[in-house]
Amino acid sequence: MSARFTDVPNADILRFTAENPLAWIVPHSEPADAILMPLLVETDSADLPKTLLGHLPRSGRLVSQLSTDPRTTCLFLGPHAYIPPGWISKSGWAPTWNFVSLKITGTTVLDDTLTEDAVRALVAHMETSSGSRWTVDRVGPRFETLLQGIIGFRIQIDTLVPRFKTAQDESDTSRTELHARLEGHPLQSWMDNI
């Protein structure tokens, strides 16, 4: 894997996960029990990714899998696009796929005391990014009932591997042509930053 795609500043990783919190949570012991859930990255005092905060349905198989073997891989996929050869003027060029992704491995700790905090943090994050001021308090007494069906958790990050393939390996001319063709596509802003 090219370092051009994996040498990504922490600020871009944090922006990426904030914009794309939905990830596959894949237990190492039984990958078939993977589930899509939103995750929030928590940072240390140096603003480096340290843990992931989330919640899971108690009734799912993943909770029992992680209770037995807490090793987990989380797979985030952000904006992506098929890039056809006709988009650039370079002859002999083949199609490709550009994308922004992140793989995190770590150890999961299921924790009932995190459940409400995880839900409140997620809702606050999503509502703030959408410009809304809705809070879970508006659910009323039913909120406590909903919390009983889920469990909070933290994943201690062991490895973090970004792969931001946004035409860094193309010539300046080809990159400019691709950037223009992606006008209005979310991938275009990642081309600007990487």
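Trainee: What makes β1 and β2 a pair?

Mentor: Strands pair if DSSP finds at least two bridges between them, and β1 (residues 22-27) and β2 have 4 bridges, in the antiparallel sense. So they pass. In that pairing, leucine 22 sits opposite proline 38 of β2. Bear in mind that this is a predicted model, where local features need pLDDT of at least 70, side-chain atom pairs count only at pLDDT 80 or more, and totals for chains, interfaces and linings use all residues. Residues are numbered from 1 along each chain as its sequence is written, and side-chain values use heavy atoms, without hydrogens and water.

Trainee: Why are α2 and α7 called roughly antiparallel?

Mentor: Their axes cross at roughly 170 degrees. Angles run from 0 to 180 degrees between N-to-C directions, with axes fitted to C-alpha atoms, for helices over the stretch in contact. Under 35 counts as roughly parallel, over 145 as roughly antiparallel, 65 to 115 as roughly perpendicular and the rest as oblique. So α2 and α7 are roughly antiparallel.

Trainee: Which residues of α2 and α7 make the contact?

Mentor: Contact means heavy atoms within 4.5 Å. Asp12, Arg15, Phe16 and Glu19 of α2 meet Ser189, Trp190 and Asn193 of α7.

Technical notes
Helices (H or I, at least four residues) and strands (E, at least two) are DSSP runs, numbered from the N terminus.
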